[in-house]
Amino acid sequence: MSDRTLTLAEAMEMMADAFNEPLENLSPDTDRDSVPGWDSMGALMLIAELDERLGLELQADVSREMRKVQHVLDFLAAHGALSA
Amino acid sequence: MSFSRIDGFRIAGVSTCVPPTRVDNLSLGDRYGAEDVRKVVSMAGVRHRHVVGDQLTAVDLCTEAARRLLERLGWEPESVTGLIMVTQSPDHFLPSSACIVHARLGLPVSCAAFDMGLGCSGYPYGLYIASTMLKAGGQQRILMLHGETPSRFVHPDDHATTLLFGDAGSATALEAAPDSTQAAHFGLFTDGSGADGLIIRGGAFRDPRPADPRDLCVRMDGAGIFNFTIKRVPPLIQDSLAFAGLGVMDVDAYLFHQSNRFIMKHLMKKCGLPDERVPLTIEDTGNCGGPSVAVTLTRTQADRSRELRLMMVGYGVGLSWSSAIVHLDTNAVLLHGVCDEPPALDASPPEPVAQEPAP
């Protein structure tokens, strides 16, 4: 569990930064395959952002299973890191 | 054993050698795609790499580094009592690479010589073994060589590793200094459960002739290795400092294994290390495995005007991670250069020098 939280807007901004994708192109329903920057390097960026901003450890195998933006949000919620 | 303190030795010098062939990653856009190359270069931080091709090996690079160091130090080969070769890029399964280097350098039969099979964490491990041998007595001068040629492990279609890895060899000269008041501190760790994260599956005895030729090349789980690194390295640095009774600013330079600029920057931020104390050399020499610690030392600390306290940090294949906090006095020699001449393959090594037994 994280002792820090992000709002939905902050979480989306974090993913936009990690994947170098314009924020307006991302929504919870966005597929991973439609985000060019969500490749192996983007996955590293996301792991780093979660570690740095929230102290959360996103394991490589969990990261690989994430197919939509919603899955990242679900991960945040499951670790108490997504505020209402 | 996790942490230990060892005194009674000094580092007399460090020499590093890279192969003459220098690749500009940005020239490989036609092969890997300009955008992919640009991303790797900007994130991993590798613009140029020195690679061996099929002419040179880690033994060649280390031998040349050692020759230059012995010459500069004025050490006669007969005076070397121990030779340690840390490598996962051996010339042969057997004999050990150390024995080949022993012959090439003309070291005496009284010299102990052996290999250690470690990669990214190998430099602090090698220093630890050398220092314990000196502390144990009997040994006076040890050459600790660490060389890798990871560019020969990669599959040419795997741009994540091909664009990352370069090659290098190093030689570190250590000598007994019984009256020295400076102690070194070491931390050595292993998690073999992560061995699959960075592995060449085939080609050795477990699977000598793999069905998939790709198994003769390195496979790297980049995200898994990153998980390992951010989990293990920050505590390693913090605990090493605490064990030595030091604060972050008591160390003049943190010499990281040059794994990937993005990863190193993340570690620096997480550990609160100032940029100016963490030299990066990955842009010009790539990730050359564990010897990148030595390359970073020789390329960045040669112009010192006072004694330095250094922390060396290795982490990666194994999974294995290690630290060494050492002193480098102003007399210690630091050399870096290009290995220009591949040795002739049919060159006969000099005869080993026989020494009279001590009375």
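Strand S7 (residues 141-148) of chain B runs antiparallel to strand S8 (residues 168-176) of chain B, and eight bridges join them. Here strands are DSSP runs of E, at least two residues, and helices are runs of H or I, at least four residues, both numbered from the N terminus. Leu143(B) stands opposite Ala173(B) in S8(B).

This is a predicted model: local features need pLDDT of at least 70, side-chain atom pairs count only at pLDDT 80 or more, and totals for chains, interfaces and linings use all residues. Residues are numbered from 1 along each chain as its sequence is written, while chains are lettered from A and ligands numbered from 1 in the order in which they are written.

The pair belongs to an open sheet of six strands in chain B, ordered S6-S5-S7-S8-S2-S15, with mixed pairing. Two strands pair if DSSP finds at least two bridges between them.

Contact means C-beta atoms, placed from the backbone, within 7 Å.

The largest nonpolar core has 114 residues; Cys62(B), Ala66(B), Leu83(B), Val101(B), Leu145(B) and Val313(B) touch the most other members. Such a core is a set of buried Ala, Val, Leu, Ile, Met, Phe, Trp, Tyr and Cys residues joined through C-beta atoms within 7 Å; buried means 20 or more other C-beta atoms within 10 Å of a residue's own. Helix H2 (residues 40-54) of chain A gives the most to this core, nine residues. Beyond its neighbours within four places in sequence, Leu145(B) contacts residues including Cys62(B), Ala66(B) and Val101(B).

How values were computed
A residue is buried if 20 or more other C-beta atoms lie within 10 Å of its own, exposed if 12 or fewer, and partly exposed in between; C-beta atoms are placed from the backbone. Two residues are in contact if their C-beta atoms, placed from the backbone, lie within 7 Å.
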